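Here is a short report for a first look. Please keep the sequence and the 3D view open while reading.

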Amino acid sequence: MLEDVFRDQWGRVLATLVGILGDIELAEDAAQEAFALAAERWPHDGQPENPTGWLIATARHRAIDRIRRERTLAAKTEQLKRELRDESEETMDEAATFPDERLELIFTCCHPALALDAQVGLTLRTLGGLSTEEIARAFLVPFETMSKRLTRAKHKIRDAGIPFAVPPDRLLPERLDAVLAVVYLIFNEGWGGGRFDLVAEAIRLGRSLIELMPDEAEAHALLALMLLGHARNTARFLHGELVLLDDQDRSLWDQHQIDEGHGLLEQALALHGSGPYIIQAAIADLHLQQPRNWEEIELLYRQLEHITNSPVVALNRAIAVAELEGPEAGLVILDRLELDDYRYYHSTRADLLRRLGRDDEARAAYARARELTQPGPEQRFLDSRLADLPESAEQLPDP
Amino acid sequence: MRYALLAYSNVEVRDRIPEAERRRINAEIAEVLAQPNVTGWLRLQDVESATTVRREQDRTLLTDGPFVDSKDYLGGFILVEAENLDGALAVAAELQELDVTAAIEVRPVLEQELGGA
């Protein structure tokens, strides 16, 4: 119960503290102290009327105390003293005066001057409130590695002067793309590997984004896209095994999430959006219909390919083309793509080859896809596909 | 904050640019360098003119050429005053658009006094 409150409050409290203290590390330490104090006191004294305000005010007191203690930060103390001079103790505890600066924090964490993995880690830590240990586990890296990565990113933000601000209009489209990309990457990381904690976190972040940027069509579209995918989650991972869309039990689809996704997609369209996430959400929506309208899906992928120039999109279009014109036509597109390190490239190729009865080539492609896949439901799915292929007549070397 | 913009070029690319083209690019770069937020800049002679001083087996050793042996070389640097990294990146982007073969490394200046706490 208290944990839920903390989880909800963390990003909000931290963002405000970064705004006040001007340093993420300092803010994080202060916030942690305040949350620890709350965990100690609230169960006895009861939750304060305004938990957010209490946490921010407490953390701020702590931070100021600490700064005063630490001689090396003398300059910062001076700056803070100046800033706080006009404020009495009473106004410091007035929650209404604390602005919500989560949006500023998101743009800081997803600044393109930071490496993408650092952007992802920082966003999960600062806005998602995940612990370093949880993030390390989610991305299958040692705790030390993730800890170093986060510390390095925080230091770069401080030392290089990465702004804590919503970017000016001329930079906004590009920077917003970076923010959306980070959230979508978190979603996909969870979606591919069946890591529902990451999927849930991405959706939570997506909800924050539309709360903070209600006029951005692409933010609505991203949340729609994630919900329309997540709605099939139970059906997609039945008893821990991956089930392909056409084989899924539709009664297990979450109609509530589908409706919400539809609503968000409509809102995105009403905001005159035309970016990549709207198109992807529209495609996700088409995939939910039976029979699937492959012509329209192919058309939307074509449009998306035009905007993004991405080989992964071309790969998806090849799947639609294979449905419309046959597996050969799909293979023609795949052969033009350079995606040798992408597991879905090989699994898609394998599937088309299998449908053409080119079993040996299919086997080699499934094997390559398997090599690139982490142990888990996806890998077991590939194993079952490999097992389903007829035994090869003679031991031929891989083509 | 102050930022140093380190402009890197490539020897092979440099030798391919015709003289007239180079002059035109330089004239445009001069306009950017005249902006008030640019507080200083230096251009360096060709990298072939470099001499490196270092220590080897307790002796000071001179070698002909730059410290880092590479086709990429530091061509000059520019000091920029900006409110934050975005301000410095904007100047770097402007310069990069004029000289598309260059790569510009943006580094915040360490303002601490040498030897001071």
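## How axes and angles are taken

Helix axes are lines fitted to C-alpha atoms over the stretch in contact. Angles between them run from 0 to 180 degrees, taken between N-to-C directions. The model itself is predicted.

## Chain B in outline

Chain B holds 3 helices and 6 strands. Along the sequence, their order is β-α-α-β-β-β-β-α-β. The C-alpha atoms of chain B fill a box of roughly 45 × 45 × 15 Å along the principal axes.

Of the 117 residues in chain B, 14% are buried.

In chain B, helix α2 spans residues 19-33 and helix α3 spans residues 85-98. Their axes come within 9 Å and cross at roughly 165 degrees. An angle over 145 degrees counts as roughly antiparallel, so α2(B) is roughly antiparallel to α3(B). The crossing of α2(B) and α3(B) is right-handed.

Which residues make the contact? From α2(B) come I25(B), E28(B), I29(B) and V32(B). From α3(B) come V91(B), E94(B), L95(B) and L98(B). By class, the residues of this contact are 6 nonpolar and 2 charged, with no polar ones.

## Where the chains meet

The contact between chains A and B draws 7 residues from chain A and 5 residues from chain B. On the side of chain A that touches chain B, 5 residues are nonpolar, 1 is polar and 1 is charged.

Methods
Residues numbered from 1 in each chain as written. Chains lettered and ligands numbered in written order. Predicted model: local features only at pLDDT ≥ 70, side-chain atom pairs only at ≥ 80, totals over all residues. Contact = placed C-beta atoms within 7 Å. Nonpolar A, V, L, I, M, F, W, Y, C, P; charged D, E, K, R; others polar. Helix = DSSP H or I, 4+ residues; strand = E, 2+ residues; numbered from the N terminus. Parallel < 35°, antiparallel > 145°, perpendicular 65-115°, else oblique. Left-handed = near helix turned anticlockwise from the far one by under 90°. Buried ≥ 20, exposed ≤ 12 C-beta atoms within 10 Å, placed from the backbone.
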